[in-house]
Amino acid sequence: MEHEQVFEHFIGQAVITAPGVLIKSGKEASVYRCPAHGASGCAEAAIKIYKDIESRSFKGAKEYLDGRIGRTIRKRRDILHMLSSSASMQAYWVDSERSAMESLYSAGLPVPKPLAATASAFAMEFISEGSEAAPRLIELDLEGARGEVVLAELLGALRAMLALDIIHGDLSPYNILVRGGRPVIIDLPQAADARYSSNAFALLARDIRNALGYFQKRGIGLGHDPEREADTLWADYRSGALYRERDAAQLAKEWGLADLAY
């Protein structure tokens, strides 16, 4: 779809009310800030339009595909179909991000609200701070107690994501927004399924190193060792401890016992 067609589609689906303003043009996608339709439940929407698959590339695509495709014959056939054309490959990446974000948002994790998708574009909540776009972590000069709070919430979010079998796979200070002093995780097309990926631990460890590295360069979280954090989190996942935490939190929420976060 051309960009104009994408806007027309989402207008017709009562997701947005008008075309938006370009706020980001990267190697893999362009992002527009659009007025959201009242039915969306959001004030504004971000429309992420993926660039033609033939004009961009995902570094190490094989490791990400390994993390998103289960080890069943049916899914092996699915991946062969997906790789058969650029259009199906494009649709796969969009659907990967939509699927991961829907799972995380439904569980109450800090990601934008997913709104709708086409084969080449994804509509989601626009994360703002007042009238401006929420800053990326890399743009902030966090320090002291404020930084410790953001780091603690971010590590908690990574733990809760893993409890849902999801690893971001490409986490960095560039795809973590900060709204109201709290982190919001974006850019999930390369998310890996920890149940099936042979690279799951390596991807998790890299996400933790990237996140902690930003904070520790600023004197925050110096008591955390990235390798130990990754080892402990992976051990908790493999033992089933994260599933038990997830289920207990869900029950408490359903019973109204407490407003628990992971």
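This is a predicted model: local features need pLDDT of at least 70, side-chain atom pairs count only at pLDDT 80 or more; totals for chains, interfaces and linings use all residues.
**Entry 1: cavity search**

I searched the whole structure for cavities of 30 Å³ or more and found 1. I noted a volume of about 30 Å³ for the largest cavity.

I then listed its lining: L158, M161, I166, I167, H168, L204 and D207 line the largest cavity. I asked which elements each supply at least two residues of that lining. They are helix 5 (144–163), strand 8 (166–167) and helix 6 (200–216). Sorted by class, the lining of the largest cavity has 5 nonpolar residues, 1 polar and 1 charged.

**Entry 2: helix 5 with helix 6**

I recorded that the axes of helix 5 and helix 6 come within 11 Å and cross at roughly 175°. Helix 5 and helix 6 therefore run roughly antiparallel to each other, as angles over 145 degrees are classed that way.

On the helix 5 side I listed G147, V150, L151, L154, L158 and L162; on the helix 6 side they meet L204, I208, A211, L212 and F215.

**Entry 3: helix 6 with helix 7**

I looked up helix 7 (residues 226–239), which packs with helix 6 at an angle of about 140°, the axes lying 9 Å apart. That angle makes helix 6 oblique to helix 7. The crossing of helix 6 past helix 7 is right-handed.

From helix 6, I listed A200, F201, L204, A205, I208, R209, L212 and Q216 as making the contact. From helix 7, I listed P226, E227, E229, A230, D231, L233 and W234. I found that the residues of the contact of helix 6 with helix 7 divide into 10 nonpolar, 1 polar and 4 charged.

**Entry 4: helix 5 with helix 7**

What angle do the axes of helix 5 and helix 7 make where they cross? I recorded roughly 30°, with the axes coming within 10 Å. That makes helix 5 roughly parallel to helix 7, the class for angles under 35 degrees. I noted a right-handed crossing of helix 5 past helix 7.

L158, R159 and L162 of helix 5 make the contact with L233, W234, D236 and Y237 of helix 7.

**Entry 5: cross-reference**

Key
Residues are numbered from 1 along each chain as its sequence is written. Side-chain values use heavy atoms; hydrogens and water are left out. On a 1 Å grid over the protein atoms alone, a cavity is a set of points where a 1.4 Å probe fits but cannot get out, and a pocket is an open set with protein on both sides within 12 Å along at least five of seven lines; lining residues have an atom within 4 Å of a point. Grid points are joined across faces, edges and corners, and a volume is the space filled by probe spheres set on the points. Helices (H or I, at least four residues) and strands (E, at least two) are DSSP runs, numbered from the N terminus. Ala, Val, Leu, Ile, Met, Phe, Trp, Tyr, Cys and Pro count as nonpolar, Asp, Glu, Lys and Arg as charged, and the others, Gly among them, as polar. Axes are lines fitted to C-alpha atoms, for helices over the stretch in contact, and angles run from 0 to 180 degrees between N-to-C directions. Angles under 35 degrees count as roughly parallel, over 145 as roughly antiparallel, 65 to 115 as roughly perpendicular and the rest as oblique. A crossing is left-handed if the near helix is turned anticlockwise from the far one by less than a right angle, and right-handed if clockwise. Contact means heavy atoms within 4.5 Å.
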